Amino acid sequence: MRRVHTFENIILELKQYWQQQDCLLFEPYNSEVGAGTFNPATFIRILDTKPWNVCYVEISKRPRDGRYAKNPHRVQQFYQLQVIMKPAPDDIQKIYLQSLEHLGLKLKEHEVKFVKGDWDAPTLGAWGLGWEVWLDGMEITQFTYFQQAGGIDLPVIPVEITYGLERIAMALQDVSSIFDLKWNNDLSWGDVYEQNELEFSKYNFEEADPGFLTSLFNEFEAEAQKLYDRGLVLPGYDYTIKCSHLFNVIEARGVISISERAQMIGRVRALANRAARLYLEQNAAQQKKDSEKT
Amino acid sequence: MIDFLLEIGFEEFPPAFLEKSAEDLSTGVENLLKDKRIFYRSVRTIYTPRRMGVLILGMPRKQKSQVVEIQGPPKKVAFDSKGKPTEMLLGFMKANELKQAQLFIKKTRKGEYACGKKEIAGVNTEDILYTEVPKIIRSLEFPKTMVWNEGSDRFPRPVRWVVALLDRRPLRFEYAGVKADRYSMPNFHFSFKPIRLEKPREYINFLRHGGVVVDPNERRRIILKRIKEASAKMTGEPLYTDEMIDEINCITEYPEVVTGEFDNQYLGLPEEVLLTVLKNQGNLIWVKGTNKFICVFSAKKKAIQNVKKGYTQVIEAKLYDALFYFKNDLRQGLENMLEQTKGMMWLKDLGTLYDKAVRLQRFVELFRDESRLDMDVLRRAALLCKADLLSQMVREKDFTSLQGIIGGYYAKVSSTEKVAMAIKEHYRPNFVGDDLPQTKEGAVLSVADKIDNVMGAFLSGNRPSSSYDPLGIRRNGYAVVNLIDAYSFTVSLSHAVDEILKLHGEKYKDFDTGVISEFFIERVSRYLQDKGFRYDEINAVLANWDSDVTDARMRCQALKEFRGKPEFTKLVIGQKRVRNILKDVKEVTEVNEKLLKEPAEIKLYQEGRKTTHQLGIMMEQKSYTEVLKLLLAMRLFIDKFFDDVLVMCEDVKLRDNRLALVHFINNLFMQFVDFSQIVIEGEKQR
């Protein structure tokens, strides 16, 4: 009998696979993020030259994408499996493709297409070149070679592989709605998250108070700057992440114009860039100290 | 005879410049062979998304040998009085490895020289390719490159293997951290096992077995054939462009085709929406008028069912969204969206989108006197044209590019067809070379909207700098110029800019529009360059420009036509003489007729007066060829004046009066264009 690929099994299998590729198994960040890239395990760790291989699940929150649980393909919160390998191995594409085979997707029976998708995260001052990976036309992964983060040219190029777990599960389970995905043998994705989708859609589109959120944004921004002033990179960056999420909610509410939007993005980017610069400065200072000792 | 295969293997290359890059590579290798006198029987350019290269058949093992002549010392010093070789000649022979028998005397224009003639044996083709091919690869230029390892070579995507096989021997040069060898890679849907090539001639067939059609022309033929076969049994025509097929060709290693169907209800969507969905999903081809699409994919035939199911699902989900937005939007109506624009900021401190719509509505009054312009249509369209930005459809990023087009559909519900058309067209042209609006109302609205965008950018601190144009207003400005010229609108740009500024309110009344004039002069200049005028012609016209675009083009045209004639230089030099003498003069008076003494200056003045009158008439009629004739006729009197009269004489009164005369004559020329900007060939540049 064919094994049922429950959602939780897919996560387990992928984690196992990347563990075998010598990735450290990490966990999600503890505050709302739009993508696994925001997790310091990516954004901060890719800045320096030390090798870093990591794999973790991240809860991705995209307030704009909520559809009150009505659209079978769109939700405002989903799961990503994030892999960072620094430096990127030469055969990384093959390693990735074999991870799909590890999940039971036979490449002989599907089309896997690498579709050009230069990636950039304007709020993080980060960009890279790579692809969306399409499985039979459905985007299941973002595959990116980072070039810059926090406005800084990266000294060692990492590869970022971000699986859209629900999308892959839909293909593997052959269901056409995210809500019908089997989470385990008893419960569906919808059983777990439908109410959450409904309520958060209502919150994001109707109840979120833009005035309140904007004032929070301003205060968090000031807090982040203050923390950076005191040399505290990670707490400062933590508030940067919070600003980014607040911005996403304000944007979903549909009350800001194109230019205001660009401005807020610029403010978050300035915070992220500062985190990156500060981290590298402190790193360099530490190295200098270490070398003076020896 | 030997063959050569070069294949650079990489992760999926950006389709937009794959063909060009592959052609550059193959041209580079061909030019090398020609340059090095290595003949070949055939050459084939190769590319797929994962490789590019060149296959050359039938080359000699060695470069063709060459007979060269080397010039030595003059005969006089090459031989002594007894006819024996001098030290100098012997030195020359030694340096060039020449024997006595290879020497001969050559007569040149400078006299007789001792020369040597010898045959240089050809270098091995292998040696040439080994050293030169990596240089060719490194010299390729791409719009965007990346780094992926510690190597210093940049390429658009990571290079993972290189095949460089000369007959049975790999040329093991290194590029991008990869050592060239004899192993290629198959289509990964088929296998991960490298393909070992014994010789270049195996390449095409071995790769075909590996799921790769390496020749792009062959692949293109297969794609077209498969599409034709798939659509043969259908009622509609497959709707595709050459560009779509090219792009499909650049993302496909092994073309297979499958047909899919979406639910009939989605045929209720605007065609543009349907096509956008299908195109965004990997260039799916719509069978016009039906619910069918054709998908070209690049995997094993076995995948056909999964591919069909997968693409259909994705398409249906997107169409579901689109139809959902479309129905909601129609239910809401464009007028309601217009209401909502009151809450939507346009640009920082510049009010809402609604304010912008009202401003456009007022601004288009400026075009009231244009012929055959339906002002009622225009006013209505101006008010409604931004409302669709509040529609669910346009707010979805897949369909943002359909702004205006979507508004046009929604406008049909409660406005006339003509209003809908003007709204639909008012973003055009979206890029240089894009179609212009077909209706005059659409064109006016486009001009108005874009002038307001330009003004908005300047007022909100988003003016373009050398490399940064946050709101894309250079494109807007160019489109304004293009439209005004294409439709021969009589509006003066500077007047339009003043008007739009007024409509932005009291707050900005002190804004200096000089920067905007400069901005537009640059756009006009670029536009005229694209129309094929030379930069000096354009500078001459724009040096003294009253901001009438069409007129600037006409003056350029007259200049350009006149330029071909022999009198042109005369005319230009005429004004240049006049200009030169005025260069350092700051103040001039009126010409005082009584102070004119010499016959030549009296004559020049009289002719100038006569010409002034006629020139006025011709300028009015825009008969610029006549204008040029009139100005040319002045040359005779100008020359005579400069020959006979000393302008910078000691008598200050006379001098000032003569300068005034020269100034007066200069103004005649300047009324048309500033000829001194024209660069005459052979003339020293100042």
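Where the two chains meet, chain A puts in 31 residues and chain B 36, with "in contact" meaning that two C-beta atoms, placed from the backbone, lie within 7 Å. On the chain A side, the elements giving two or more residues are α3 (92-102), β4 (112-116), β6 (126-135), β7 (138-149) and α8 (258-293). Helices here are DSSP runs of H or I with at least four residues, strands are runs of E with at least two, and both are numbered from the N terminus. β4(A) gives the most to this side, with four residues. By class, the chain A side splits into 13 nonpolar, nine polar and nine charged residues; Ala, Val, Leu, Ile, Met, Phe, Trp, Tyr, Cys and Pro count as nonpolar, Asp, Glu, Lys and Arg as charged, and the others, Gly among them, as polar.

A quick word on conventions: this is a predicted model, so local features need pLDDT of at least 70 and side-chain atom pairs count only at pLDDT 80 or more, while totals for chains, interfaces and linings use all residues. Residues are numbered from 1 along each chain as its sequence is written, and chains are lettered from A and ligands numbered from 1 in the order in which they are written.

Now for chain A itself. It carries domain 1 (7-204) and domain 2 (209-293), with bounds from an automatic or database domain assignment. The C-alpha centres of these two domains of chain A lie 23 Å apart.

Chain B has 25 helices and 16 strands. Its C-alpha trace spans about 110 × 95 × 45 Å along the principal axes. The radius of gyration of chain B, taken over C-alpha atoms, is 36 Å, whereas a compact globule of 686 residues would come out near 26 Å (the rule is 2.2 Å times the number of residues to the power 0.38).

Finally, zoom in on α24 (residues 624-644) of chain B, whose 21 residues reach 31 Å from first C-alpha to last, close to the expected 30 Å (1.5 Å times one less than the number of residues). α24(B) bends by about 25 degrees at B:L636, the angle between axes fitted to the seven residues ending there and the seven starting there.
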